[in-house]
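Here is a short report on one protein chain. Look through the sequence and the model, then read on.

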Amino acid sequence: MLKDIFSKPKKKKYATIPSETAKHDVPEGIMTKCPNCKKIMYTKELSKNLKVCFHCQHHHSMNSRERLNSFLDPHTFEELNANMISENPLGFPDYVEKLEKDRKKTGINEAVVTGTGEVEGMKVSVAVMDSTFRMGSMGSVVGEKITRAIEKADELAVPFIIFTASGGARMQEGVLSLMQMAKTSVALKRFSDNGGLIISIMTHPTTGGVSASFASLGDYNLAEPGALIGFAGRRIIEQTIREELPEDFQTSEFLLKHGQLDAVVSRTELKEKVANILSIHQGGDFEW
């Protein structure tokens, strides 16, 4: 059955450093402390597990390159529009300098990386937002790159997959940033009308204008466990409605319970589940 695609993975046992002394007497960067359960693990082993905590399944943040390497088949990714960079259309103070600083820090030119690749041998067009660049905020270039990736999927007649991670629209570009909500949504509608398959995978955090546009327009809307997903912040909503919100409000689990997601899928199972969906839509055989 289709629901078996999203069945929970079995828990596995992994070794960690045995003594309290060893936890502290190690060089910086070798160990990682989970912000959720506070357990300490080898950074290298955590990376092998796709940065999912062995103990509590907390999903540590991933940058775009880590995401692409973990999700796409090896050596299949071909980047699109890598050299597009943002201008400063409103003359916002220090904006250009901040963009340059982020480019040097992250090694990417904008808050989204786009291209084509393969998932278990099936070709796709993919866009991966990166929260390490301006908190994944959506400006004109982010919207343009995502739109072009959608159009590439249409041109090649392949599925479009997007990983969202964003604080919302980029304030330094004002209404030009907000226009990207409509631009990307229209591109997805055209692609969908042409029979295109859209898979949206929301990661922590997916908020603001991104959550209110392309992030929520997939034929399949998936999310990682514990991801913050929503438009306005908790405090603003509580002040507006004058009510206290549930503790798990705007988490992926809360949205799934209220019908706004199709599934919450662990990162360690995500490639397999997405490959299953792709296989079904291509009419291929699949072992459940």
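How many nonpolar, polar and charged residues are in the lining of the second largest pocket? The lining has six nonpolar, ten polar and three charged residues. That makes up a lining of 19 residues. H58, H59, H204, P225 and G226 lie nearest the pocket's centre. The space inside is about 290 Å³. Keep in mind that this is a predicted model.

Where does the second largest pocket lie? Domain 1 covers 26-59 and domain 2 covers 61-279. Both give residues to the lining, so the pocket lies between them.

**The chain as a whole**

The protein chain has 288 residues, and 47% of them are buried. It holds ten helices and ten strands. Take the contacts between residues at least 6 apart in sequence: 66% of these join residues at least 24 apart.

**The annotated zinc finger region**

UniProt, in an unreviewed entry, annotates residues 34-56 as "zinc finger region: C4-type". Over residues 34-56 the chain is 26% helix and 13% strand. The end C-alpha atoms of this stretch are 9 Å apart.

The unreviewed UniProt entry also lists C34, C37, C53 and C56 under "binding site". These four span 23 residues in sequence, yet no two of their C-alpha atoms are more than 8.8 Å apart, so they gather at one spot. From this set, C56 is taken into the lining of the second largest pocket.

Two of the listed cysteines can be followed in detail. C34 sits in the loop between β1 (31-33) and β2 (40-42). C53 sits in the loop between α2 (43-48) and α3 (64-71). Is C34 buried or exposed? C34 counts as buried, because its relative accessibility is 0%. C53 also has 0% relative accessibility and counts as buried.

Now their contacts, leaving aside neighbours within four places in sequence. C34 is in contact with K39, M41, C53, C56, H58 and H60. C53 touches C34, C37, M41, L46, H58 and H60.

**Two residues elsewhere**

R234 is found in helix α8 (residues 234-241). Its relative accessible area is 29%, so R234 is partly exposed. Which residues does R234 contact, leaving aside neighbours within four places in sequence? They are L245, P246, E247, D248, F249 and Q250. R234 and Q250 are 16 residues apart in sequence. In space, their C-alpha atoms are 8.2 Å apart.

S213 lies in the loop between α7 (208-211) and β8 (220-223). At 2% relative accessibility, S213 counts as buried; the cut-off for that class is under 20%. Beyond four places in sequence, S213 touches M181, T184 and S185.

**Accessibility side by side**

| Residue | Relative accessibility | Class |
|---|---|---|
| C34 | 0% | buried |
| C53 | 0% | buried |
| S213 | 2% | buried |
| R234 | 29% | partly exposed |

Key: Residues numbered from 1 in each chain as written. Predicted model: local features only at pLDDT ≥ 70, side-chain atom pairs only at ≥ 80, totals over all residues. Heavy atoms only, no water. UniProt positions renumbered as here; feature names shortened; annotations may be inferred. Helix = DSSP H or I, 4+ residues; strand = E, 2+ residues; numbered from the N terminus. 1 Å grid on protein atoms, 1.4 Å probe; cavity = no way out; pocket = protein on both sides within 12 Å on 5 of 7 lines; lining within 4 Å. Points joined across faces, edges and corners; volume = space filled by probe spheres on them. Nonpolar A, V, L, I, M, F, W, Y, C, P; charged D, E, K, R; others polar. Domains from an automatic or database assignment. Buried < 20%, exposed > 50% of the residue type's maximum accessible area, 1.4 Å probe, protein only. Contact = heavy atoms within 4.5 Å.
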